[in-house]
Amino acid sequence: MSRRSAAARRKNGVSWLMVAPLYLFTLLFVLGPMVYMLVLSFLQRAEVWGVTNQFTLANYQNILTPIYLQTFVESFKLAFTSTALIALIGYPFGYFMARLPGKWKRFAMLGLMIPFWTSSLIRLYGWIIILRSNGVLDKVLMGLGLTDSPLKLLYTYPAVLTGMVYALLPFMILSVYSSAEKMDWSLVEAARDLGASAPKAFFTVTFKLTLPGLLSGVILTFIPSMGLFFIADILGGNKVVLVGSLIQDQLNRAHNWPFAAALSVVLMILTSLMIRLYRRITHVKDLEGVL
């Protein structure tokens, strides 16, 4: 028994040494900054630079002012709109990509991954060339006779929405593709054999089985779209202000670090609630599948 217990202790010691760096990394670079941000959000801004060690709730009270609440509302509107468009485009793309033969599936996957080899900033500047007046899109539309004069597309809400969809669409496609590829297609064939039409078989079998992938894609697109301020800056020209843009402005221009921390805490809470809702929905779906 003593030899076994000694071996078990040595095994536990080795296991602890293997996971210790992960715990240390989490404490230093995840939990530590979050605690610092939370503490900073309750401090006061110094008159010249930095903060003072005086507890206050004024930073959170300032968020309730109409101008900052409107920023949150606009950020949510843009996030919901972009996520809806991404889902409408990405779900069919991911679904049909999973149905492709092996060779064409690899080509489609490669086409999705190639844009990640280039900086997102460079790709967004490419959209400036497309959307600017007398740009590529204007020349195409005027060449087809659809417009008579250049359109003002750049530095508008649709331009920011286009950038959001372009930047986040691969996450939705890959999530749906991963879910659809693992699906048992014999269940769809069984539904058709039992008399279900193609649309009914899709909504009663395929859609339910691929719903976790769709929900994962929604989380992966909705949460980043709340804080991708550089897309709003590049394609919106500071005319579309998101919560991420507001946080950046408070840090770099106003130097109001406590207020920026309060905004970050509120944004983190909202995104955590979205993740909690996603986990609850997927948990219910798993229980329904078991039952």
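**Labels and their grounds**

Asn-134 sits in the loop that joins helix H5 (120-131) to helix H6 (136-143). The model is a predicted one.

Q: Why is Asn-134 called partly exposed?
A: Its relative accessible area is 46%. Buried means under 20% and exposed means over 50%, so Asn-134, at 46%, is partly exposed.

Q: What makes the phi of Asn-134 worth a remark?
A: Phi of Asn-134 is near 60°, a positive value, and the residue is not a glycine. Most residues other than glycine have a negative phi.

Q: Why does His-255 count as partly exposed?
A: The relative accessibility of His-255 is 27%. The class runs between the cut-offs of 20% and 50%, so His-255 is partly exposed.

Q: Why is H3 called oblique to H11?
A: Helix H3 (residues 66-99) and helix H11 (residues 243-252) pack at about 135°, with axes 8 Å apart. Roughly perpendicular ends at 115 degrees and roughly antiparallel needs over 145, so H3 is oblique to H11.

Q: What residues make up the contact of H3 with H11?
A: From H3 come Tyr-68, Thr-71, Phe-72 and Ser-75; from H11 come Val-243, Leu-246 and Gln-250. Four are nonpolar, three polar and none charged.

Q: How do you know that Thr-71 is buried?
A: Thr-71 has a relative accessible area of 10%. Buried means under 20%, so Thr-71 is buried. Beyond its neighbours within four places in sequence, Thr-71 contacts Val-241, Leu-242, Val-243 and Leu-246.

Key. Residues numbered from 1 in each chain as written. Predicted model: local features only at pLDDT ≥ 70, side-chain atom pairs only at ≥ 80, totals over all residues. Heavy atoms only, no water. Axes fitted to C-alpha atoms, helices over the stretch in contact; angles between N-to-C directions. Helix = DSSP H or I, 4+ residues; strand = E, 2+ residues; numbered from the N terminus. Parallel < 35°, antiparallel > 145°, perpendicular 65-115°, else oblique. Contact = heavy atoms within 4.5 Å. Nonpolar A, V, L, I, M, F, W, Y, C, P; charged D, E, K, R; others polar. Buried < 20%, exposed > 50% of the residue type's maximum accessible area, 1.4 Å probe, protein only.
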